[in-house]
Amino acid sequence: MTASATLLEIRGAAKSFGGVQALDGVDLHLGTGEVLGVIGPNGSGKTTLFNLLTGVVRASGGTARLAGANLLDLKPWEISALGVARTFQNIRLALGQSVLQNVLVGAYRQNRTSWWQVLLAPHTVAVRETQAVEKAMEALRFVAPALAAAPDRIVGELPYADRRRIELARAVVGNPRILLIDEPAAGMNPHETAEIADDILRIAARGMSILVIEHKMKFIATVAPRIAVLNFGRKIAEGSYEQIRTDPHVLASYLGRKGDHLAASGDR
Ligand code: ADP
Ligand code: MG
């Protein structure tokens with residue numbers, strides 16, 4: 001990978017929940033247009049890192065610099081306004097609503113309209129509405145072309161992999177600077193996992209900077225040229241897939257753990 005300018009610089013990110021040190025002084029950096037993988041056994045602090053970066057959990061220490069701001073000091077909506085978007089380990093969608101309605105949430109998030117604007121400038125609001133639908137459809141066409149052809153389908157009737165794509169489409173509406181993706185291949189069969197990897201590579205090819213958490217080693221090796229490994233809230237290794245899979249600290253941390261496999265063929 002060619003060196004790119006650092007977009008996000010995380011230093012000493014820390015979080016304790018009572019006696020549990022979920023994150024213990026993690027340093028990470030993400031370059032512009034880079035895909036950085038984050039792996040680690042269950043409970044190693046991966047999701048907590050995303051929760052700190054999106055302001056839903058307060059950090060106990062550290063900084064995360066983006067565009068001159070420290071994300072760890074900001075509120076979720078301020079972070080979202082800076083162009084940080086995420087998807088969740090457990091997909092969060094309104095299952096009774098349509099594909100388009102779900103993706104629209106991403107457009108409205110950036111396009112806040114207040115009640116007084118509706119009263120004073122209804123035309124402007126109507127234009128925004130149209131723009132929001134256009135943005136949402138554009139994201140859908142890009143991330144999930146097949147779904148863009150049927151935007152009125154009810155999400156609850158769609159297969160799991162499609163739901164994951166809808167969540168991805170919602171996150172990329174309006175081209176965020178940074179996309180945080182938490183275990184996109186969780187619960188997917190090998191075929192769906194390969195498809196989601198393709199989707200993420202397509203999003204990355206647009207130049208979006210991505211932090212992606214995943215358990216499945218083959219998946220992370222496919223999408224992320226650089227990978228950081230967490231264990232008990234600490235970063236224990238960082239490098240290419242080939243580098244980390246032979247790293248003694250990584251091997252030791254995975255040894256004897258049920259359900260975690262380091263072999264590239266071990267994706268289940
Ligand atoms: P991972 O995503 O790597 O599986 P998490 O970040 O979800 O791990 O969790 C790291 C540790 O922090 C775990 O021990 C977990 O139980 C704990 N933890 C995470 N979130 C909370 C919370 N909101 N309250 C209490 N403990 C939490
Ligand atoms: Mg997690």
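The exercises below use a predicted model.

**Exercise 1.** Give the order of the strands in the open sheet, then explain why one side of β2 and of β5 is left without a neighbour.

Solution. Step one: the open sheet has four strands, ordered β2-β1-β4-β5, with antiparallel pairing. Step two: β2 and β5 (69–70) stand at the edges with a single partner strand each, so one side of each has no neighbour in the sheet. Step three: the partner pair β4 (residues 61–66) and β5 is antiparallel and joined by two bridges. Here Leu66 is opposite Ala69 in β5.

**Exercise 2.** Identify polar contacts of ligand 1, using a cut-off of 3.5 Å between N or O atoms.

Solution. Take one residue at a time. For Ser44, a polar backbone atom is 3.1 Å from an oxygen atom of the ligand. For Lys46, a polar side-chain atom lies 2.8 Å from a ligand oxygen. For Thr48, an N or O atom in the side chain is 2.6 Å from an oxygen of ligand 1. As for burial, ligand 1 taken alone exposes 560 Å², and the protein buries 60% of that.

**Exercise 3.** Describe the shell around ligand 1 by element and by residue class.

Solution. By element, β2 (20–31) and α1 (46–53) each give two or more residues. The most come from α1, with three. By class, the shell has four nonpolar residues, six polar and one charged.

Notes. Residues numbered from 1 in each chain as written. Chains lettered and ligands numbered in written order. Predicted model: local features only at pLDDT ≥ 70, side-chain atom pairs only at ≥ 80, totals over all residues. Heavy atoms only, no water. Polar contact = N/O pair within 3.5 Å; in protein donor to acceptor, adjacent residues only side chain to side chain. Areas by Shrake-Rupley, 256 points an atom, 1.4 Å probe, with all protein chains shown as cover. Nonpolar A, V, L, I, M, F, W, Y, C, P; charged D, E, K, R; others polar. Pairing = 2+ DSSP bridges.
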